[in-house]
Amino acid sequence: MSSIRSNNPHNDIEEVLIDDAAIQARVRDLGAEIASAYGGEEPLVLVSVLKGSLIFVADLMRAIPINVVIDLMEVSSYGGGNTESSGTVRILKDLSGTIEGRDVVIVEDIIDTGLTLNYLMGYLSGKSPRSIRIVTLLNKPARRLVDLKVDWIGFEIPDKFVVGYGLDFRETYRNLRYVGVLKRELYASALGES
Ligand code: PRP
């Protein structure tokens with residue numbers, strides 16, 4: 001089995017787990033569900049957790065038929081290409097605006113151990129929003145380490161290493177339109193396998 005990388009990301013995918021059409025259909029439904037949960041006068045604040053949720057939030061916000069504003073945070077829990085969570089969350093970019101008294105939805109691409117969102121829920125709750133909920137495109141319940149209430153889930157997925165639609169391996173593959181399983185030989189060294 002060769003581990004030589006091509007420059008075509010599709011060649012590195014073992015299996016397409018969720019295709020473009022399925023993602024788009026689910027995002028439309030999530031947008032309608034989220035909109036129906038809010039009746040406030042102030043626009044809903046979508047807090048996108050970069051970089052992974054970049055693609056998801058761009059599609060999701062266009063599927064929400066009420067007023068929304070967007071703010072961006074960048075956090076990192078998986079330093080330098082590791083595939084396991086360190087449990088340490090670092091804020092690389094904080095919110096630009098205030099969320100005090102506002103309805104907030106945190107937008108994530110994937111919840112794995114839950115450590116990132118557990119930290120973020122505590123951090124953002126401390127800024128006194130009116131409400132705070134979570135939407136994630138993907139949920140990997142098999143790896144959860146902390147109890148977390150997730151309000152909207154796009155897809156439950158098995159414990160496989162997935163990339164695409166915003167999700168990366170060493171910063172690559174985010175531009176795939178689908179969510180796919182990466183060929184194991186490509187990330188085996190990061191797991192300490194030969
Ligand atoms: C990923 C993902 C979540 C987090 C989930 O981010 O976007 O934020 O890990 O993992 P957890 O539930 O185990 O905490 P990552 O740190 O890889 O950064 P990225 O979004 O920039 O790719």
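1. A nonpolar core is taken here as a set of buried Ala, Val, Leu, Ile, Met, Phe, Trp, Tyr and Cys residues joined through side-chain atoms within 4.5 Å, where buried means under 20% relative accessible area, exposed over 50%, and partly exposed in between (1.4 Å probe, protein chains only). The largest such core has 28 residues, and those with the most contacts inside it are Phe 56, Leu 60, Val 135, Leu 137 and Leu 138. The elements that give two or more residues to this core are α1 (20-36), β2 (44-50), α2, β5, β6, β7 and β9 (179-182), with helices (H or I, at least four residues) and strands (E, at least two) being DSSP runs numbered from the N terminus. Of these elements, α1 gives the most, namely five residues.

2. The model is a predicted one, in which local features need pLDDT of at least 70 and side-chain atom pairs count only at pLDDT 80 or more, whereas totals for chains, interfaces and linings use all residues. Residues are numbered from 1 along each chain as its sequence is written, and side-chain values use heavy atoms, with hydrogens and water left out.

3. Leaving aside neighbours within four places in sequence, Phe 56 is in contact (heavy atoms within 4.5 Å) with Val 27, Leu 30, Val 107, Glu 108, Val 135, Thr 136, Leu 137 and Tyr 165. Apart from the core of 28 residues lies another core, of 18 residues, which includes Met 73, Val 75, Ile 111 and Leu 148.

4. Asn 139 belongs to strand β6 (residues 131-139) and is buried, with a relative accessible area of 4%. Not counting residues up to four places away in sequence, Asn 139 touches Ile 111, Arg 144, Ile 153, Phe 155, Glu 156 and Ile 157. The side chains of Asn 139 and Arg 144 are joined by a polar contact of 2.5 Å, a term that covers a pair of N or O atoms within 3.5 Å where, within protein, one must be able to donate a hydrogen and the other to accept it, and where residues adjacent in sequence count only if both atoms are side-chain atoms.

5. The structure holds 10 salt bridges, each a side-chain nitrogen of Lys or Arg within 4 Å of a carboxyl oxygen of Asp or Glu. One of them pairs the side chains of Lys 160 and Glu 15 (3.4 Å, N to O); Lys 160 lies in the loop between β7 (152-156) and β8 (162-163) and Glu 15 in strand β1 (residues 13-18), so the pair ties together parts that are 145 residues apart in sequence. Lys 160 is partly exposed at 34% relative accessibility, and Glu 15 is partly exposed at 33%.

6. Another salt bridge joins the side chains of Asp 112 and Arg 143 (2.4 Å, N to O); because Asp 112 lies in the loop between β5 (103-111) and α3 (115-125) and Arg 143 in the loop between β6 and β7, this pair ties together parts that are 31 residues apart in sequence. Asp 112 is buried at 10% relative accessibility, as is Arg 143 at 17%.

7. Some backbone geometry deserves a check. A cis peptide bond joins Leu 50 and Lys 51, with omega about -5 degrees, and Lys 51 is found in the loop between β2 and α2. Lys 51 is also linked with Asp 168, Glu 171 and Arg 174 in a network of salt bridges. Glu 171, in the loop between β8 and β9, has a positive phi of about 75 degrees although it is not a glycine.
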